[in-house]
Amino acid sequence: MKRILFKLIPLFLLFLAPVFQAQSRDNYNMWFQYLMSAKLTDKNTLTSLAQYRSFDLALDTRLFLVNAYIDHEVANGIKPAAGAMFLILESYNSDGSKKIRYEKRPFQQVTMENNIGRTSISNRLRVEERFINNPDEFVVRLRYLISVKIPFNKKGEKEKLYGILKNEIRMNMVKDEPFDSNRITAGIGIKTGKNSALELAFINQLETGKTSNYAYIGFRNSFDWRKKNK
């Protein structure tokens with residue numbers, strides 16, 4: 001499996017290289033992410049992630065963020081949560097110079113998870129309070145995400161590959177321009193261990209007046225930090 005992974009990533013990047021060269025910096029971008037989840041108790045889970053986006057294959061920074069939240073399962077598959085995020089946002093001015101903004105973002109959310117057969121479906125509603133500088137700005141934003149995970153293995157077989165489909169719409173709580181963006185993700189997950197997976201995907205983000213596309217490479221781990229009874 002490891003040999004396959006080491007072959008897949010260079011081929012993935014090699015395929016994308018001519019696409020990046022042929023397009024403007026705002027049309028094609030890279031998105032790298034590490035996500036960790038850990039069971040703290042039977043009802044509580046800690047989730048944290050680090051994310052890096054670039055205008056090219058890696059070096060021209062577009063965004064960096066870290067976040068963490070803790071959820072609590074109040075009923076089967078229903079998990080309210082609270083957390084916070086810190087972001088460094090970099091964009092280009094019309095003269096080609098870089099503009100850097102910092103953002104602090106507390107958020108609250110509720111996730112509802114269920115299954116149709118062996119396909120898992122997650123619905124998440126999140127409320128964000130965005131504190132941004134340069135210039136100072138405060139925005140309350142609503143986000144609704146639906147995620148679908150489709151196993152490719154037959155029932156009873158060890159899971160090796162799965163499909164990923166997501167759609168998220170984001171709305172600002174303002175009257176003049178409430179629509180923020182809509183983000184569509186399609187990709188595959190490759191299990192690298194019992195509690196880890198590599199994910200490769202294509203992300204399309206539609207905003208007012210422009211569209212951004214990302215090649216996504218992500219890695220996720222899950223842990224169990226609950227105290228074991230001796």
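This briefing covers aromatic contacts, charges over rings and strand pairing. The model is predicted. It holds nine aromatic pairs. Strand 6 pairs with strand 5 and also with strand 7.

**Aromatic contacts**
- Phe55 and Tyr92 form one of the aromatic pairs, with an edge-to-face geometry.
- Phe55 is buried, at 7% relative accessible area. Tyr92 is partly exposed, at 24%.
- Trp31, Tyr214 and Tyr216 make up one aromatic cluster.

**Charges over rings**
- Arg126 lies over the face of Phe107, 4.1 Å from the ring centre.
- Lys149 places its charged end over the ring of Tyr162, at 4.5 Å from the centre.

**Strands 5 and 6**
- Strand 5 (residues 98–116) runs antiparallel to strand 6 (residues 119–132), with 12 bridges joining them.
- Asn114 has Ile121 in strand 6 as its bridge partner.
- The two strands form a hairpin with two residues between them. Gly117 sits in the turn and has a positive phi of about 65 degrees.

**Strands 6 and 7**
- Strand 6 and strand 7 (residues 137–151) are antiparallel and share 13 bridges.
- Glu129 stands opposite Val140 of strand 7.
- Four residues separate the strands of this hairpin. In its turn, Asn134 has a positive phi of about 60 degrees.

Note on methods
Residues numbered from 1 in each chain as written. Predicted model: local features only at pLDDT ≥ 70, side-chain atom pairs only at ≥ 80, totals over all residues. Heavy atoms only, no water. Phe/Tyr/Trp six-rings, centres within 6.5 Å; stacked < 30°, edge-to-face > 60°. Buried < 20%, exposed > 50% of the residue type's maximum accessible area, 1.4 Å probe, protein only. Lys NZ or Arg CZ within 6 Å of the ring centre and 35° of its normal. Pairing = 2+ DSSP bridges.
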